[in-house]
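User: Could you walk me through reading a fold, one feature at a time? I'd like the general idea and then the case at hand.

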Amino acid sequence: MDQQRSTAARVRYHHRHPKRVRVIIEPVTSRIRVPADPIKPSAGRHQQDLGLGVGSDWLQDGWIYPAISHLQWLELIGASCLKSSKSNTIVLSGLSGSGKTILFYQLRDGSSHQGTVTSMEHNNDTFVLHSELERKGKIKPVHVVDVPGHARLKPKLDEFLPQAAGVVFVVDAQDFLSSMQAAAEYLYDILTKATVVKKRIPVLIFCNKTDKVTAHSKEFIKKQLEKEVNKLRESRNAISSADITDEVQLGVPGEAFNFSKCQNKVTVAEGAGLTGSVSEVEQFIREYVKA
Ligand SMILES: Nc1nc2c(ncn2[C@@H]2O[C@H](COP(=O)(O)OP(=O)(O)OP(=O)(O)O)[C@@H](O)[C@H]2O)c(=O)[nH]1
Ligand SMILES: [Mg+2]
């Protein structure tokens, strides 16, 4: 009698809840018999092959076994794992001095660790938010990456963006006017990244340092950034040479740009990392990295 090693799947429907199915994958060393009857459900259960097999289906012990290679199964299992494993990475981005590192420590330790200097390396840690330490039950930790604003380190962003569940773009609300153009350019680069648009990665523009009385409001910052992004969009579109190529076109051509036109969700919040006023960032994180 022929022996065949292969993998098999069966779908078992719940007898009372037909929408509930169980897929059972198992290696099979089967004695191959030509099916007399293509489908023979056993008492009280409905079975069905997955339609994934190549060649014939073989009937054994009342189940249909599509013979497909182990490699195909690995691919299928890998794909379903990727789908179900949600990222827990939040990327902190923004110009140098906007307050990313202070925010990072505030989220992790509930303290600003005053005296931070310009970061020359990215900060990277997985932790339960400090504000959630008192909460009962199991809480999903968040992987927070603080990418320094130094020009040399900005390319690091490309490394982390593909795995991001969300991006926090930190803006210095106090020193906003002098850094507005540079901030808009950096934000524009993020919003036109193919990975951000394709994966619909949400972006939170966090207007930081609002503990200072001279800080600009989030409404003002939002409007100014939209205007600056609009200008950038026009000037870059006008460049006929391929010197600068945006991966994705922003907004609707011919219409003034605003963040609601982005394919991914872009929201604006305000607070101060230094004084621990970061609840809007925490809410954003928990919206996209479920506890
Ligand atoms: N008043 C005030 N100052 C802040 C706040 N957050 C950060 N700062 C100050 O801003 C400066 C820069 O903060 P950092 O967190 O080091 O900035 P960064 O974005 O990490 O900068 P790079 O590492 O260079 O990219 C520090 O002197 C902080 O004390 C805030 O909420 N309010
Ligand atoms: Mg820093």
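User: Let's start with pairing: which residue in strand 10 is the bridge partner of V168?

Analyst: First, some ground rules. This is a predicted model, where local features need pLDDT of at least 70 and side-chain atom pairs count only at pLDDT 80 or more, while totals for chains, interfaces and linings use all residues. Residues are numbered from 1 along each chain as its sequence is written, and chains are lettered from A and ligands numbered from 1 in the order in which they are written. Helices (H or I, at least four residues) and strands (E, at least two) are DSSP runs, numbered from the N terminus, and two strands pair if DSSP finds at least two bridges between them. Here, V168 has L204 as its bridge partner in strand 10. Strand 9 and strand 10 pair in the parallel sense, over 6 bridges.

User: Which way does strand 6 run relative to strand 9, parallel or antiparallel?

Analyst: Parallel again, with 6 bridges joining strand 6 to strand 9. As one example, G94 stands opposite V170 in strand 9.

User: Why does V91 count as buried?

Analyst: The idea is to count neighbours: a residue is buried if 20 or more other C-beta atoms lie within 10 Å of its own, exposed if 12 or fewer, and partly exposed in between, with C-beta atoms placed from the backbone. V91, found in strand 6, counts as buried because it has 26 C-beta neighbours inside 10 Å. As for strand 9, 9 of its 9 residues are buried.

User: What is V91 in contact with, beyond its neighbours within four places in sequence?

Analyst: Contact here has its own cut-off: C-beta atoms, placed from the backbone, within 7 Å of each other. On that basis V91 touches V145, V147, F160, L161, A164 and V167.

User: How many residues of helix 2 are buried, and what do they pack against?

Analyst: Helix 2 (residues 100–109) has 8 of its 10 residues buried, namely K100, T101, I102, L103, F104, Y105, Q106 and L107. Those buried residues pack against strands 6, 7, 8, 9 and 10, and against helix 7 (279–288).

Notes
Contact = placed C-beta atoms within 7 Å.
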